[in-house]
Amino acid sequence: MTVLVAYASRYGATAGIAERIAETLTASGHPAEACHVSDAKDVADHEAVVVGSAVYFGSWMKDATAFVERNSRTLADRPVWMFSSGPLPGAVLPEETDNDPQPKGLAGVQEAIGAKEHRIFDGALDPRALNLRHRLVRALPAGRPLLPEVDGRDWPAIDAFARSIGAALGT
């Protein structure tokens with residue numbers, strides 16, 4: 001059986017983290033596949049699941065939380081790990097953001113499905129990948145501090161997380 005690494009990603013940084021986790025798990029003897037949460041069809045076909053999402057304004061993306069809710073019974077019956085991608089290193093957060101690194105409402109979700117662990121990794125942003133609305137926001141004088149061009153993904157930490165999942169799954 002395989003490990004499912006399901007993710008929600010708007011501009012690809014979280015997808016890159018999920019793909020790296022799947023590669024590291026596979027290299028450690030636990031075949032894994034990474035796919036967007038909308039493409040993850042039968043969660044029950046997997047021995048374990050890793051779920052990740054980009055974080056926007058302190059919350060997971062809606063399609064990631066919908067995936068967890070839709071599959072909560074199946075997820076509760078197998079080992080699950082979670083990760084979040086964001087904030088962007090060096091980004092100036094709006095004043096109304098509470099600066100809590102834990103995404104809003106995620107602790108309850110983690111508890112409900114019995115997820116073993118949740119890790120937060122810094123995100124990445126390539127301005128060339130932004131949609132029109134976010135390009136316009138970035139063009140404003142205050143926009144660049146909100147959406148800096150940066151890649152803060154800590155690959156050794158991501159690899160260590162994946163290896164710890166593999167170790168927990170055993171041989």
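These are legends for close-up views of a predicted model.

**View 1. R20 and D159 join two helices.** Start with the pair formed by R20 and D159, whose side chains meet in a salt bridge, with 2.8 Å from N to O. R20 belongs to helix α1 (residues 13-27), while D159 belongs to helix α7 (residues 155-169). That puts the partners 139 residues apart, so this pair links distant parts of the chain. How exposed is each partner? R20 has 28% relative accessibility, so it counts as partly exposed. D159 comes in at 13%, and because buried means under 20%, D159 counts as buried.

**View 2. E117 pairs up with R119.** Here's another of the 4 salt bridges in the structure. The side chains of E117 and R119 meet with 2.5 Å from N to O. E117 has a relative accessible area of 24%, which makes it partly exposed. R119 is partly exposed too, with a relative accessible area of 27%.

**View 3. D126 meets R128.** Now look at the salt bridge between the side chains of D126 and R128, at 2.8 Å from N to O. Buried or exposed, or something in between? D126 is partly exposed, with 30% relative accessible area. R128 has a relative accessible area of 69%, and since exposed means over 50%, R128 counts as exposed.

**View 4. Helix α4 has a buried side.** Zoom in on helix α4, which runs over residues 106-113. Which of its residues are buried? They are L106, Q110 and I113. These cover an arc of only 80° around the axis, so they sit on the same side of α4.

**View 5. What the buried side of α4 packs against.** Stay with α4, but look at its surroundings this time. Its buried residues pack against two helices, α2 (62-70) and α3 (72-76). They also pack against the strands β4 (59-60), β5 (80-85) and β6 (117-121).

View 6. Finally, step just past the end of α4 to find G114. What phi does G114 take there? It's a positive one, of about 70°.

Conventions. Residues are numbered from 1 along each chain as its sequence is written. Side-chain values use heavy atoms; hydrogens and water are left out. Helices (H or I, at least four residues) and strands (E, at least two) are DSSP runs, numbered from the N terminus. Buried means under 20% relative accessible area, exposed over 50%, partly exposed in between (1.4 Å probe, protein chains only). The arc is that of the directions from the helix axis to the C-beta atoms. Contact means heavy atoms within 4.5 Å.
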